[in-house]
Structure formats: C-alpha cells, structure tokens
Number of protein chains: 2
Amino acid sequence: MPTMSDLPNSSPTPLTIGALAKQTGVKIPTIRYYESIGLLPEAPRTGSNRRTYDSGSVRRLRFIRHARELGFEVEAIRQLLAMADDPGQPCREADLLARTHLAGIESRIARLEALRDEVRRMVEGCAQDQVRSCHVIEVLADHAHCLHDRH
Amino acid sequence: MPTMSDLPNSSPTPLTIGALAKQTGVKIPTIRYYESIGLLPEAPRTGSNRRTYDSGSVRRLRFIRHARELGFEVEAIRQLLAMADDPGQPCREADLLARTHLAGIESRIARLEALRDEVRRMVEGCAQDQVRSCHVIEVLADHAHCLHDRH
DNA sequence: TCTTGATCCTCCAGTCGCTAGAGAATTTAG
DNA sequence: CTAAATTCTCTAGCGACTGGAGGATCAAGA
C-alpha cells in the first residue's frame, strides 16, 4: 500500500498561505481567521515571519471548508475535528452531530418551500398593472393573504 | 363601506413601543433598530420622550416583518415600502424584485436538498463503530465521497 | 545589481440584522 | 406612597467572515 513517503517528493516545499488558499479555495484572510479562532493550529513561520503549511494543512482546511459548505457551524466543526484527530474513539458523537444537523437542514428546506410557494403565488398574481392592484405589495401588507402562517 | 372613522374609537390612544411590539411580534430593540436605519419613520414622542405609534405604524411594521420572514433583505424592503407608499406607480419593479427573490429561494432549496442527501448518506453509512470507520468523518475529510460537487 | 510588482505581515474596522446590557428616567399598579 | 414595570440612550456583542492601511519581504526581469 503506497504512502506519502513513497512518492517522489518525499520532502515537499512548505506551502505559502497563498498556495494553500489556491489549493483549498479558502481566502487568505479566512485562513488567518480560522487560525485566530483556533480551528487551524498556529502555522510555523519562516525566518521572515511568513506562515508555512504542508499537505496536512491542506487536508484539514478542506475538511473545514467542506463542513462549512455543508452548513456546519464552526463550533460543530471544532468537535468534528477533535473526533477526526482521535480515530480510535466511538463515533456516536459525530453521528449525533450529523443527525441533529440533518434535522436542521430538513426544517430549513420545509420553511423555504412554504416561502417559495408564497412568493410564487405573489408573483403569479401580479397583474403587471399598478401598485394599487399588485399582489406583491398586497401580500406583503397583509399576512392574511398567505397560505401558511408558520413562517 | 365601513372605514376606520366609523368605528367607536375614532381617536385611539397612541400606542407605546411595547404595545406595538406585542401587536406585531417584533421585539422592542428591533423596532428602535428599524427606526435607526430608516425603515420606520422617526416616531413622534410624548412630553417625556417616549415613542408613540398608531395603527399605521402597526401596518407598516407588519409589512416589514412579513417581508423579513419571506427572506427579503432590508434593502429590498426599503424599495418595496417606497413602492407601497406610492400606489399609483406601475408595479413592474416590485414584481421584478419578487421574481429575483424567488429565483434566489429556489436555488437555496436546490443547494439545501443536495446537502441533505449528502448528510443523509453520511449518517446512514455510519457503522456506529469507531471513528476510523465512520462515514461522517470520512465524507467530511474527503470531498470525493460526495455525490455532488457543486455545493 | 537594481527595480518593480507580487505576496506577505499585523491591526483595525466594517458587513448584516439584530440582541443584550448598563444606568437613568418615568409611568403604572397596588 | 412605594415598588415594579416600562422606556430612554448608548454601547458592545454575535457569527463568520471581508477588506483596507501601512509596512516588510520575496521573485523575476533588465
């Protein structure tokens, strides 16, 4: 089974923050921000005080980015990272975290769908005439026009 | 056709900010915030400097609240309010605003659904064993596990 | 070698839409 | 009359970044 150390560049040049940003799609100030809140460890510095990274940084930052894209909050990611760093532990916590998150996503979808129906109704009812007879304004002005009242 | 002035209390007591908050479901600091950013006009004050409101304020604030609940940004609401205040104008702008908003909602739903599928896959694949074999961590660590790559 | 432009550093302020607290004044209920 | 509730202003904080100022350093071409 091949590992990193089998590959040609077994001691690769450390990455600059800009290179890391390019490889992960995370902006430079955001990387520094993640370090400042402790999501990323403090990067080792060069003689001239520049941050250096390696392929481990790329993996960790991709993990963070992916989790953020999936809608996880930073606090949740902090917990997930701690679990990922400790692979011998039972994963019930990670599972629970993800399940809780899933429930949140589902309720967001439901609310957005109710919202979409309402805005759609609003738009389709518009007579394109005058504001006086415009459903958009009317619906916004009076909640009684709505199909749902739980938004 | 009955109007306001036909009703018994034709000169109703002005509302306090607390009463307005209760009638609209908008919190007091939020009402003051809306005034500070110009969504609500500056409320007339009593001799002791307290804000006073009337039924028009209730309508306007409900309009704002409803639009916020529908996901409109404050800037959009500002435009919608300006249009609602000018009912003789053609409503193409309001319509366009709402249509743009609808498109935004629809794309948010689509992205959330992709996300939901992915988190669901993550959760369902979890062997409840160890982090080492946990799909939750695995999927987060490697985007290649994902069905979609456009989230 | 010099110079130019790209990249990096730190620190601070701003974004959005609120939300909460301090501390003072006033109103209302018992 | 007193005590509790409400209101006022002002300020700061939330989450998750994002951007700019002002300065240091690096890499590449003439």
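Me: Which side chains meet in a salt bridge with 2.6 Å from N to O?

Reply: Side chains of opposite charge can pair when their charged atoms come close. A salt bridge is a side-chain nitrogen of Lys or Arg within 4 Å of a carboxyl oxygen of Asp or Glu. Here Glu106(B) and Arg120(A) meet at 2.6 Å. Glu106(B) lies in helix H5 of chain B and Arg120(A) in helix H5 of chain A, so the pair joins two chains. Helices are DSSP runs (H or I, at least four residues), numbered from the N terminus.

Me: How should I read the model and its numbering?

Reply: This is a predicted model: local features need pLDDT of at least 70, side-chain atom pairs count only at pLDDT 80 or more, and totals for chains, interfaces and linings use all residues. Residues are numbered from 1 along each chain as its sequence is written, chains are lettered from A and ligands numbered from 1 in the order written, and side-chain values use heavy atoms, without hydrogens and water.

Me: How many salt bridges are there over all chains?

Reply: The search finds eight. One of them joins Arg45(A) and Glu35(A), at 3.9 Å from N to O. Arg45(A) sits in the loop between helix H2 (28-36) and helix H3 (55-69), and Glu35(A) in helix H2, so the pair ties together parts 10 residues apart in sequence.

Me: Is Glu35(A) buried or exposed?

Reply: Buried means under 20% relative accessible area, exposed over 50%, partly exposed in between (1.4 Å probe, protein chains only). Glu35(A) is buried, at 12%. Arg45(A) is partly exposed, at 37%.
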